Amino acid sequence: MEEDNGYIIEPEFLTETDKPKDIGINTPEHTEDAISFDDEDEDFAEEGVYTDGFGNVTDEDYDNEYDKSSMRVFYVIAVTAVCIFLLITGLIVADRYFPDFLNFGNRNGDSHVGVVPSLNNPDKENDKNNSNDASSDAENQTSKPTPIPTSPTDDTIVSEDVEENKTDTLVDGVTKLSVTEIYASCVDSVVGITTEGKTTNIFGQVSNNASSGTGIIYSSDGYVLTNYHVVESGSSHTVTLYNGRSYKAKLVGYEAANDIALLKIDATGLKNAVIGDSDKISVGEDIIVIGNPLGELTYTLTRGVVSALNRVINTDSNPKNMFQIDAAVNSGNSGGPAFDACGRVVGIVTAKYSSDTVEGIGFCIPINEAIRIADELKDHGYVRGKSGLEICATDSYLTYGNGWFSSYAIYGAKVTYIKGGGASDKAGMVATDMIVEANGTAISSVAELQNALKKCSIGDTIRIVAYHSDDGRNFDKKTYMVTLGEYSPLKVPSDYSAERYGSII
């Protein structure tokens with residue numbers, strides 16, 4: 001401690017600002033009072049490494065050598081990374097534009113079927129480019145010694161600008177093909193179908209619904225054949241091709257009794273399916289099914305045999321003649337093709353027997369019947385020659401009685417629309433009648449009414465019994481004598497939808 005003008009100065013309490021001034025660091029006029037180096041600092045000085053007044057190493061040569069070594073390591077790493085990047089890029093470009101030159105697969109010339117594209121992830125940019133390339137594998141399949149296309153992702157389905165039928169020449173209707181050949185040759189004629197609509201529950205709440213199924217390209221100009229139950233749940237239909245392209249589809253017509261519908265998309269040059277003869281199939285014959293089970297496992301192939309012929313299967317109270325198969329089919333397969341061993345479509349997958357203890361029992365509509373209906377739908381919009389009441393109707397019921405335990409329900413087909421001047425209109429029916437009997441047959445649903453009309457012809461007069469009300473609350477039975485007209489789905493209101501009006505009868 002020192003006394004200075006009566007004050008005691010404690011060095012350890014000097015501020016940082018004061019220290020340089022008091023002890024003379026870096027101050028020329030106080031150089032003799034500068035802090036001296038200790039022994040360790042002197043050793044550094046002898047080796048040519050010096051420290052500044054704060055003890056930091058300041059040897060210039062030492063720092064430069066360290067920096068140069070670090071930079072050399074950096075340059076080596078950077079150059080190596082660039083070389084690896086260029087190599088990978090070169091391989092990708094060569095594989096894309098020179099696939100035959102850069103072939104890491106089978107060297108014996110055999111082609112391979114690649115990964116099946118997903119309906120939910122249609123990344124097909126390469127297909128789009130290859131469709132315009134005259135040397136692409138899919139455009140020149142007939143010139144190759146092997147019958148299988150190089151890859152199913154090649155654009156065998158061409159754009160809507162090309163007016164050309166791309167039906168694969170492998171399917172000649174005579175030559176038996178392997179399962180792999182059938183898939184590669186026929187998968188482009190299979191499509192996925194999504195239907196969206198609205199439903200109203202018993203509380204009046206409206207909700208959106210969607211369903212998925214499968215279809216067959218019926219003709220190269222955009223007609224698609226499927227089941228009616230695939231498209232009946234809504235009014236908005238989307239068709240997705242195997243190459244990933246999606247199109248909004250128009251419902252050309254349908255035949256509910258036989259569960260057949262025909263859609264149309266705005267595209268040409270499509271690869272249509274080769275149609276076989278279902279009258280010539282035999283029990284035990286091989287069968288191949290391609291479809292979209294569960295609406296997600298797109299373009300799945302299953303195989304089996306024809307298990308039985310001429311099965312009368314009742315779906316929705318509507319019996320149909322079908323043949324039975326044991327190939328695995330599930331929800332989403334409906335409307336898809338069943339191919340024979342030559343790659344020809346011989347049936348349309350429509351139903352399966354569903355039970356925890358049952359498997360391998362599916363059913364197909366014979367293609368001969370389906371094509372007959374499709375031709376009618378394409379040319380006229382409906383199947384001509386069928387009798388009809390010329391109304392729209394939906395399943396409904398009436399209740400009567402008092403209280404929870406003494407009330408009863410009467411089920412029937414409620415009329416929602418009557419064509420002016422049509423058969424039912426001339427008989428005096430109104431749009432609130434609920435039909436419960438037709439020619440002595442009890443009716444509890446629209447399907448039962450349609451079945452009753454199958455036994456009748458245009459011009460027949462039938463006896464219809466319905467519950468009729470003048471005030472909308474009190475109903476009484478009323479009998480109508482109706483001279484049947486021709487059934488036509490064209491005779492409907494301009495704002496017709498199945499959700500609003502039900503079925504056309």
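The questions and answers below go through a predicted model and the reasons behind the terms used for it.

Residues are numbered from 1 along each chain as its sequence is written. In this predicted model local features need pLDDT of at least 70, side-chain atom pairs count only at pLDDT 80 or more, and totals for chains, interfaces and linings use all residues, while side-chain values use heavy atoms, with hydrogens and water left out.

Q: What is the mean pLDDT of the chain, and where does pLDDT stay under 50?
A: pLDDT is the predictor's confidence in each residue, from 0 to 100. On that scale the chain has a mean of 75, and 68% of its residues reach 70 or more. Values stay under 50 over residues 1-52, where the model has 33 contacts beyond four places in sequence, and again over residues 54-63, with 11 such contacts. A contact here means heavy atoms within 4.5 Å.

Q: How many helices and strands does the chain have, and what makes a run count as one?
A: The chain comes to 10 helices and 23 strands. Helices are DSSP runs of H or I with at least four residues, strands are runs of E with at least two, and both are numbered from the N terminus.

Q: Why is Ser 278 called buried?
A: Buried means under 20% relative accessible area, exposed means over 50%, and partly exposed is in between (1.4 Å probe, protein chains only). Ser 278 has a relative accessible area of 8%, so Ser 278 is buried. You will find Ser 278 in the loop between β8 (260-264) and β9 (286-291). Beyond its neighbours within four places in sequence, Ser 278 is in contact with Val 346, Pro 366, Ile 367 and Asn 368. Over the whole chain of 505 residues, 41% count as buried.

Q: What makes Ala 327 a buried loop residue, and which residues is Ala 327 in contact with?
A: The relative accessible area of Ala 327 is 2%, so Ala 327 counts as buried, and its place is the loop between β11 (318-325) and β12 (337-339). Leaving aside neighbours within four places in sequence, Ala 327 has contacts with Ile 287, Val 289, Thr 302, Arg 303 and Gly 304. From Asp 286, Ala 327 is 41 residues away in sequence and 9.5 Å away in space, C-alpha to C-alpha.

Q: Why is helix α9 described as largely enclosed by the rest of the structure?
A: Helix α9 (residues 446-454) has 9 residues and 7 of them are buried, so the helix is largely enclosed. Among the buried ones are Val 446, Leu 449 and Leu 453.

Q: What makes helix α5 largely enclosed too?
A: In helix α5 (residues 179-186), 6 of the 8 residues are buried, so the rest of the structure largely encloses this helix. One of the buried residues is Cys 186, with a relative accessible area of 4%.

Q: How many disulfides are there, and what rule decides?
A: A disulfide is counted as a pair of cysteine sulfur atoms within 2.5 Å. By this rule the count is 0.

Q: Why does the salt bridge of Arg 463 and Glu 437 tie together parts apart in sequence?
A: The closest N and O atoms of Arg 463 and Glu 437 are 2.9 Å apart. Arg 463 lies in strand β20 (residues 461-468) and Glu 437 in strand β18 (residues 434-438), so the pair ties together parts that are 26 residues apart in sequence.

Notes. A salt bridge is a side-chain nitrogen of Lys or Arg within 4 Å of a carboxyl oxygen of Asp or Glu.
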